[in-house]
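Trainee: Could we zoom in on one part of this model and go through it slowly? I'd like to know what packs against what.

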Amino acid sequence: DFETMLIKTNIKKTKNLEHTNFHQPVSFSIFSNVPGHNIKPVHVVNNDPKLLIDIFVQELKNISMAAYKIQKLKYKYVYEKIKDKQLFKKFDKWVREIPKIGFNSSR
């Protein structure tokens, strides 16, 4: 979940359209059901939006990698049986997928 601040601006897009404010991200929180990431929520506050997004993405990657390692062990027997290279790649791609659900998100 992201929180933002409204920042004043005077950006004029057209003769009839003017932006008076923009949303600047300032914090995010993440909680996961992936073992090792399901004990304490991650909460980060930073005034630098680029750095905040970089930290957010890295946290998601860390959670995703932990889930992948768990799933890879769970499906080890399948990995061992797949001989076709294309099928192996497809299966590994499927195993790497992890849903991300946002609070109050439309998708």
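**The core and the helix beside it**

Mentor: Let's start inside: the largest nonpolar core in this predicted model has nine residues, Phe28, Ile30, Val34, Val44, Leu52, Phe56, Ile63, Ala66 and Ala67. A core here is a set of buried Ala, Val, Leu, Ile, Met, Phe, Trp, Tyr and Cys residues joined through side-chain atoms within 4.5 Å; buried means under 20% relative accessible area, exposed over 50%, and partly exposed in between, with a 1.4 Å probe and protein chains only. Two elements, β2 (18–30) and α1 (49–74), each give two or more residues to this core, and α1 has the largest share with five. Helices (H or I, at least four residues) and strands (E, at least two) are DSSP runs, numbered from the N terminus.

Quick ground rules: since the model is predicted, local features need pLDDT of at least 70 and side-chain atom pairs count only at 80 or more, while totals for chains, interfaces and linings use all residues. Residues are numbered from 1 along each chain as its sequence is written, and side-chain values use heavy atoms, leaving out hydrogens and water.

Now zoom in on Ile30. Skipping neighbours within four places in sequence, Ile30 is in contact (heavy atoms within 4.5 Å) with Pro41, Val42, Phe56, Glu59, Leu60 and Ile63.

Next, the sheet: it is open, with three antiparallel strands in the order β1-β2-β3. β1 (2–12) and β3 (42–45) are the edges, each with a single partner, so one side of each has no neighbour in the sheet. Strands pair if DSSP finds at least two bridges between them; β2 and β3 are joined by four. Phe28 sits opposite Val44 of β3.

Helix α1 lies across β1, β2 and β3, at about 35° to β2. Lys50, also in α1, is exposed, at 57% relative accessible area.

What about a helix partner? α1 packs with α3 (residues 85–96) at about 125°, their axes 8 Å apart. Axes are lines fitted to C-alpha atoms, for helices over the stretch in contact, with angles from 0 to 180 degrees between N-to-C directions. Under 35 degrees is roughly parallel, over 145 roughly antiparallel, 65 to 115 roughly perpendicular and the rest oblique, and α1 and α3 are therefore oblique. From α1, Ser64, Met65, Tyr68, Gln71 and Lys72 meet Asp92, Val95 and Arg96 of α3.
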